[in-house]
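Please read this briefing with the sequence and the coordinates side by side. Topics are taken in turn, from overall architecture to single residues.

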Amino acid sequence: MSCKKCASANERSFKSEMSLAFRELENVDRAPLYVSQDISVCLDCGHVELTLPPAKLELLKREASRPHTQRRSAP
Ligand SMILES: [Zn+2]
């Protein structure tokens with residue numbers, strides 16, 4: 001498999017931990033969504049690729065569709 005950005009074959013898979021947070025200032029007090037997932041990193045250009053697990057994707061979609069005042073405040 002090659003990098004989708006630069007077509008290099010110099011990609012490696014890593015375990016990652018990240019948090020996804022809404023960018024808007026009114027959401028600064030919202031708990032971020034924690035994700036632990038394997039990622040693919042291009043060691044030539046730095047392009048990173050991952051697919052969110054279905055359960056995390058559903059949670060993110062639900063949070064994104066809720067008005068600000070109804071979003072959860074804890075994970
Ligand atoms: Zn690349």
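The notes below start with the basis of the model and then go through its parts by topic.

This is a predicted model, in which local features need pLDDT of at least 70 and side-chain atom pairs count only at pLDDT 80 or more, while totals for chains, interfaces and linings use all residues. Residues are numbered from 1 along each chain as its sequence is written, and side-chain values use heavy atoms, with hydrogens and water left out. The chain has one helix and three strands, where helices (H or I, at least four residues) and strands (E, at least two) are DSSP runs numbered from the N terminus. Along the sequence, these elements follow the pattern β-β-β-α.

**Sheet and helix**

- The three strands form an open sheet in the order 1-2-3 with antiparallel pairing, two strands being counted as paired if DSSP finds at least two bridges between them.
- Strand 1 and strand 3 are the edge strands, each of which pairs on one side only.
- Strand 1 and strand 2 run antiparallel and are joined by ten bridges, and Ser13 has Ser40 in strand 2 as its bridge partner.
- Strand 2 and strand 3 pair in the antiparallel sense over two bridges; Ser40 has Glu49 in strand 3 as its bridge partner, and Val41 has Val48 in strand 3.
- The hairpin formed by strand 2 and strand 3 has five residues between the strands, and Gly46 in the turn has a positive phi of about 90°.
- Helix 1, residues 54–65, lies across strand 1 and strand 2 and runs at about 120° to strand 2, with axes taken as lines fitted to C-alpha atoms, for helices over the stretch in contact, and angles running from 0 to 180 degrees between N-to-C directions.

**Zinc site**

- The protein donors of the zinc ion are the SG atoms of Cys3, Cys6, Cys42 and Cys45, at 2.2 to 2.4 Å from the ion; donors are N, O and S atoms within 2.8 Å of the metal (3.2 Å for Na, K and Ca), and water is not among the atoms, so sites may look incomplete.
- The site of the zinc ion is tetrahedral, with angles of 107 to 114° among its four donor atoms, four donors being counted as tetrahedral if all angles lie between 85 and 135 degrees.
- Along the chain, the donors of the zinc ion follow the spacing C-x2-C-x35-C-x2-C.
- Distant parts of the chain are linked by the pair of Cys3, in the segment before strand 1, and Cys45, in the loop between strand 2 (33–42) and strand 3 (48–49), which are 42 residues apart.
- Cys3 is buried at a relative accessible area of 3%, whereas Cys45 is partly exposed at 32%; buried means under 20% relative accessible area, exposed over 50%, and partly exposed in between (1.4 Å probe, protein chains only).

**Individual positions**

- Ala7, in the segment before strand 1 (11–20), has a phi near 70°, a positive value in a residue other than glycine, and is exposed with a relative accessible area of 56%.
- Thr51, in the loop between strand 3 and helix 1, is exposed with a relative accessible area of 60%.
- Between Thr51 and Ile39 the C-alpha to C-alpha distance is 7.9 Å, with twelve residues separating them in sequence.

**Whole chain**

- Of the 75 residues in the chain, 20% are buried.
- Among contacts (heavy atoms within 4.5 Å) between residues at least 6 apart in sequence, 51% join residues at least 24 apart.

Notes
Tetrahedral: all angles 85-135°; square planar, octahedral: opposite > 155°, others 65-115°.
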